[in-house]
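This report examines selected helices and strands, beginning with a helix crossing. Please consult the sequence and the structure shown below.

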Amino acid sequence: MVASMATSVFFPVPSSSSVASAKAPKPINEGPERLGIRGIVAKPASQSGAMEVKAQAQAIPKVNGTKVGLKAEAQTVEDDAPSAPRTFYNQLPDWSFLFAAITTIFLAAEKQFTLIDWKPRRPDMLADAFGLGKMMQDGLDFRQNFSIRSYEIGADRTASIETLMNHLQETALNHARSAGLLVDGFGSTPEMTKKNLIWVVTKMQVLVERYPSWEDVVEVDTWVASSGKNGMRRDWHVHDHRTGQTVLRATSVWVMMNKLTRRLSKIPEEVRAEIEPYFVDRDPIIDEDSRKVQKLEDNTADFIKRGLNPRWGDLDINQHVNNVKYIGWILESAPISILESHELAGMTLEYRRECGRDSVLQSLTAVSNHGSDGSPEAGIECQHLLRLESGAEIMRGRTQWRPKRAQGLQNMGPLPAGNT
Amino acid sequence: MAEMLRFCAAAGLIRNSEAAVTAAECRGRGRWAAVRCSSRAIPGQEAASRLVAGVGAAGGAEGKGLAERLRLGSLVPDGLSYKESFVVRCYEVGINKTATVETIANLLQEVGCNHAQSVGFSTDGFATTPTMRKLRLIWVTSRMHIEIYKYPAWGDVVEIETWCQGEGRIGTRRDWILKDLATGEVIGRATSKWVMMNQDTRKLQRVSDEVREEYLVYCPRTPRLSFPEENNGSLKKIPKLADPAQYSRLGLVPRRADLDMNQHVNNVTYIGWVLESMPQEIIDTHELQTITLDYRRECQHDDAVDSLTSSEFAENGSTNGTATTKPHDQELQQFLHFLKSSGTGLEINRGRTEWRKLIR
C-alpha cells in the first residue's frame, strides 16, 4: 500500500522556482505537512532543500531518477522553526549541477514552444494532468482529482466505497509528498523517527452524499489539524468536479505509537515543535459521532461470515493489510438485501489492531434498526465487528444506509445521519 | 481543442517543459510539472508531436470533458491503436513497493475498455459492437499473457498502447505495450485472446462476418503483435499439473468487490487466486515476470475455488508434463497453476508463471 519514496522523490528546483515566481519566497510555515496513512508522517532531510519547497509545491523534479541526499538524519531539522519566514537562498546547498540541467531543459523546451499554440492554462489542470494533485494557495489544503476507472465501479455501476476510501488514502500521501515530507514511504518527522514513533489511525467517520459513476471526476481536498492533546486529525472533502456537489466528507483521528513496543505515546515536545505550526485551526468537517460503537458477539450478531483471508494483493510493503480492505470485509457480512436496496450513507469506524497475511478473519453484522415505521424511505443502521478467528478485535463500526436513489434524482433528501 | 492540445502537449513534453511551463505560467504552480524533470529527458519532440497529433486526430471536440483529459488517452493518428497514461497510486502498490500484477491487469483492462469506447463501441464496459448487442453476444477472455520487465512504483506514469485484431475465425486478440512514460522504456507487454459468447445461454459462438467487419475497421491491417518473436511465451501450451500439487490454497471465495455488474467474477480476480498458492519463499525473493492464464470456465459469486501450484521442472530434471525440456534458467523459477471449483472439481482455469530473482 505505501510506496517507498526511493523511486520517486521530489525536489525543489530553485532556478525554476525563481524563474517562475518573481516574487519573494513564501514563508515556510505552510510547508511540510503531515499525512497519516498507517503512521506515515515524514519530514525530509533538508539537504535537498525540501524545506524550501513552497507550499504550492512547484517544480520538484526528479533529477536523473536518483534521489538527492534524502537521509533520515536531517541536519537542518532544528533550524526548521516553521513559524519564521526564511529566505530561500541561505538554505541552499550547491545546486550548480541542477542549474545546468535546468537551463538545458529550459532551452530545449523553448524550442518546443514554437510548435505549439500556447495559451496560459489553468495551473490546476496541468498540475492534475497525471492526478498527482497540488497544494492550494493557502499552503494548507491539498487537492487532487481522480477520474473513476472502470474497474473501480461496483455492482450498481457507481464507485465503490473502497474506491473512494482509496482516493482519500492516496491524497493523504500525496499531500505529504508534495510538501516534501515523505521519506522512505513511512517517515515520521525526524524527531519521530529518532524515537521510533509512527502515526496510526484510530477512528474514521465518513458521510457519503452521492456516489460517482464511471468517468466522473472527483476532486479531493484534505488538511490536518490537532486532535486533543496527543492526536492529529485529517479531514477530507470530496466534490464532483463537474457539478461542484459534495460527494463525501470524512474525518479521521490519528495517534502516535512506538513502532517497536506497539504502545501509544504522547507527542514529545520536539515533535510538537515540528508539527504544530502545520495544523489548521478548523472544526472537524463532520460532527463527531460520539455514540459508543458496541462490540458484537456471536449471539448478538445477525450475520457472521467466517474464513476471510488476506490475499497477496491486499498487503502493503510491511505485509500488513491495507486499512481500506477492512471496510470491504466488514461489509462482507452485511445482508445482500440491504446492499441491493440501499446505499451506504455513512460509517463510523474504530480501528483496534492490524492483521497480516496469515490472519483468518470473521465479519459480524447486526442490523440495529429498520426504520420504526417500516416505510421504504427509512434508513437502516448496522453494527459491525471484524475480528480474528482467535477473537482478537481488528475493528468495529457502525454504518448507516439510505434507500438507493433512482437514476437522475441526484438531489434527493438530506443524509439520515443515523436516524430513521 | 486548444486546451486539450496544450494539455496533451504538456503531457508529452513534460520531461522538457517543466521549467518552461512554470515560466510561461509565471505562477509556478505546475505541481505535476515537477515529475520526471530529468536532464536526460530531452528527446520529447517526437513523442510530443505524436501525442499532439494524436489528440487532433481523435477528434478533439472543444467540449471534451475533464475526465477525458485527465485520462490522457486517445487514438493514435492512424486511429488503429489507442494510448493512455496512468499514474500508479499508493494503494495499487504491493509488498515490493511496486505495482502489483493485479494493478497492471486492471490497467490493461481499463485501457482496453477506453479504446473500445473511443471508437464508439458500447459504453457499458463490454466493448460490444452494435450487432453483438443485438444478438446478446459478449466477448470473454480465453487466454491472457502478461510479461513485466520492470514494475512501476508509486507515482510512476505508465503509458499503455493497445490495439485489437482478428484471430482466426473464432476470436479476436488484443495486444498491449506498456512503457514508462518518463523514459520511453518498454516495461511490459501483454496479449489476450477473446471469443464471443451468448450472454444468456453462456455458449460460445463463431465471430460472424458482420461483427468482424464492425470492429476490423479499427484494427491494424497487417498483423501487429506485441510478441512478434518466434516461439514466444504467449503461444505455449499449458499442461495440467500433476497430482498432487506441491502447494495449494483451498476454498477461496469471491468477495463483493470481485464481482462485476452481472455477479460474475472479474478476470483480474483469477490472477490473484492463481497466485494465492504461491509459496512465501518465492514471493519474498522473486518477482513475477510472466503469467499466462487460460480461462476455461467461469465462476459465480457463491462458488469456492481451490488454487494449486507446482514447480514446472521438478528437482530431478523430469518435466512436469511439459513436452520440451528446455534448460532451466537458474534465475527464473517456473510454475504451473490450476484453479478448480472446490465443489465439482471442474477446471476453472490453468496457468503458468515465471519469476525472476529480486535484487534486494
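Is the crossing of helix 4 of chain B and helix 7 of chain B left-handed or right-handed? The crossing is right-handed, meaning that the near helix is turned clockwise from the far one by less than a right angle. Helices (H or I, at least four residues) and strands (E, at least two) are DSSP runs, numbered from the N terminus.

The model is predicted: local features need pLDDT of at least 70, side-chain atom pairs count only at pLDDT 80 or more, and totals for chains, interfaces and linings use all residues. Residues are numbered from 1 along each chain as its sequence is written, chains are lettered from A and ligands numbered from 1 in the order written, and side-chain values use heavy atoms, without hydrogens and water.

| Partner strand of chain B | Bridges to strand 12 | Sense | Opposite residues |
|---|---|---|---|
| Strand 9 (residues 286–295) | nine | antiparallel | B:T292 and B:R352 |

Five residues lie between strands 11 and 12 of chain B in their hairpin, where B:G345 takes a positive phi near 80 degrees.

In chain A, nine of the 10 residues of helix 7 (residues 323–332) are buried, so this helix is largely enclosed by the rest of the structure. The buried residues include A:Y326 and A:W329.

Definitions and conventions: Two strands pair if DSSP finds at least two bridges between them. Buried means under 20% relative accessible area, exposed over 50%, partly exposed in between (1.4 Å probe, protein chains only).
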